[in-house]
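Reader: Please show me the model, and then let us go through it by question and answer.

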Amino acid sequence: MGKWQEMTKEELETQYSPSRWSPQLDKDAVIEAHMKAVTEGTQNAQAFTQTLLNVPYGSSEGEKLDVYLPKKHTETFPLVLYIHGGYWQSLSKDVSGFAACPLVNQGIALAAVGYDVAPKGQLETMVEQVRHSVAFAVQQYTGISCVYLLGHSAGAHLAAMVLSTDWAKFGVEPNIKGVFLVSGIYDLEPITHTYVNDLLHMSRTVAQENSPLLCVPKVKDKIACQVLIAVAQHDPPEFHRQSREYCQALRTAGWKVSLLDLAGTDHFDVIEKLSQENYLLTQVILNMISSG
């Protein structure tokens, strides 16, 4: 494919519809299967872990966390904040705890972040909400030794936007040791030309101001934060391109970053499989946290 600017609206819509690229199922069936997998995975995690559900981190209805606590009670523990996908307009924290079991078994807490999806929430609001959730978590839970961000699809975009946060206005400097970005979008401008923008109503300016690719922060002294950009083999070519470009932009700015192409996965099971301890991405995440 050529540059996205040369694509027709129809080509862009296809490129930014990951459900059309799954080799297993057709586009409706794959979304239905995804909903089932994340819902059942979350129910399973809630049955087997100690949880704190619907913890408010702000005043809006969507501003709540579901916290899954580690099995072993130690003085301090790492926290993974999971930011769900759904093209900024669907899914919720209520079906976002599916990755908890392998983490809590290793003494790591998971917090699934809720935010106001469209049409209620505007994109800039969601970015601020996710930033606020990170600040709240580190202020609320004194036992957190360090923070990791894990985002899928639209959630990977939101997690990446956390990297350019001005923490002074939150009165806290969270110790973010790692960021796991899975099948994300890092340049929002192509999205403004697709059906995805029908509910978001993003202007070109908003898209540019909230594109991680266009606001890569320079690395501060001694920053030890690692970024892992993962993409599914059967993600659309545009997702692969965006992942490569964002990886390169971070590297150029001095970040420690790696790119992982997960064979045999599509846009949906690439994240669902985090409920499995022996899944490659689960192992990579656990290894990064244990060595951090």
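Author: The model is predicted. A first point concerns aspartate 235, which is buried, with a relative accessible area of 3%.

Reader: Which residues does aspartate 235 touch, not counting residues up to four places away in sequence, and which backbone nitrogen does its side chain reach?

Author: Aspartate 235 touches Ser183, His240 and His267 when residues up to four places away in sequence are not counted. Its side chain also reaches a backbone nitrogen at 3.0 Å, that of alanine 232.

Reader: At which residues does UniProt place the feature "active site", and why do they gather at one spot?

Author: The unreviewed UniProt entry places this feature at Ser153, Asp235 and His267. They span 115 residues in sequence. They gather at one spot because no two of their C-alpha atoms are more than 10.4 Å apart.

Reader: Is serine 153 buried or exposed?

Author: The place of serine 153 is in the loop between strand E5 (144-152) and helix H5 (154-162). Leaving aside neighbours within four places in sequence, serine 153 is in contact with Gly85, Val182, Ser183, Gly184, Ile185 and His267. Buried means under 20% relative accessible area. Serine 153 has 6% relative accessibility, so it counts as buried.

Reader: Which residues does UniProt list for "domain: BD-FAE-like", and how far apart are the end C-alpha atoms of that span?

Author: The unreviewed entry in UniProt lists residues 65-166 for this feature. The span is 31% helix and 25% strand, and its end C-alpha atoms lie apart by 22 Å.

Reader: What span should helix H2 have, and what is the distance between its end C-alpha atoms?

Author: Helix H2 (residues 27-48) has 22 residues, so at 1.5 Å a residue it should span 32 Å. The distance between its end C-alpha atoms agrees, at 32 Å.

Reader: Which residues of H2 are buried, and within what arc do they fall?

Author: In H2, the buried residues are Val30, His34, Val38, Gly41, Thr42 and Ala45. Seen down the axis of H2, they line one face of the helix, because they fall within an arc of 100°.

Reader: Which exposed residues does the other face of H2 carry, and against what do the buried residues pack?

Author: The face turned away from the buried side of H2 carries the exposed residues Asp28, Glu32, Lys36, Gln43 and Ala47. The buried residues of H2 pack against strand E2 (64-69), helix H3 (100-104) and helix H9 (269-272).

Reader: With which side chain does the side chain of glutamine 242 make a polar contact?

Author: Glutamine 242 is in helix H8 and is buried, with a relative accessible area of 2%. Leaving aside neighbours within four places in sequence, glutamine 242 is in contact with residues including Ile185, Tyr186 and Pro190. The polar contact, at 2.9 Å, is with the side chain of tyrosine 16.

Methods: Residues are numbered from 1 along each chain as its sequence is written. This is a predicted model: local features need pLDDT of at least 70, side-chain atom pairs count only at pLDDT 80 or more; totals for chains, interfaces and linings use all residues. Side-chain values use heavy atoms; hydrogens and water are left out. UniProt positions are given in the numbering used here, feature names are shortened, and annotations may be inferred rather than shown by experiment. Helices (H or I, at least four residues) and strands (E, at least two) are DSSP runs, numbered from the N terminus. Buried means under 20% relative accessible area, exposed over 50%, partly exposed in between (1.4 Å probe, protein chains only). Contact means heavy atoms within 4.5 Å. A polar contact is a pair of N or O atoms within 3.5 Å; within protein, one must be able to donate a hydrogen and the other to accept it, and residues adjacent in sequence count only if both atoms are side-chain atoms. The expected span of a helix is 1.5 Å times one less than its number of residues. The arc is that of the directions from the helix axis to the C-beta atoms.
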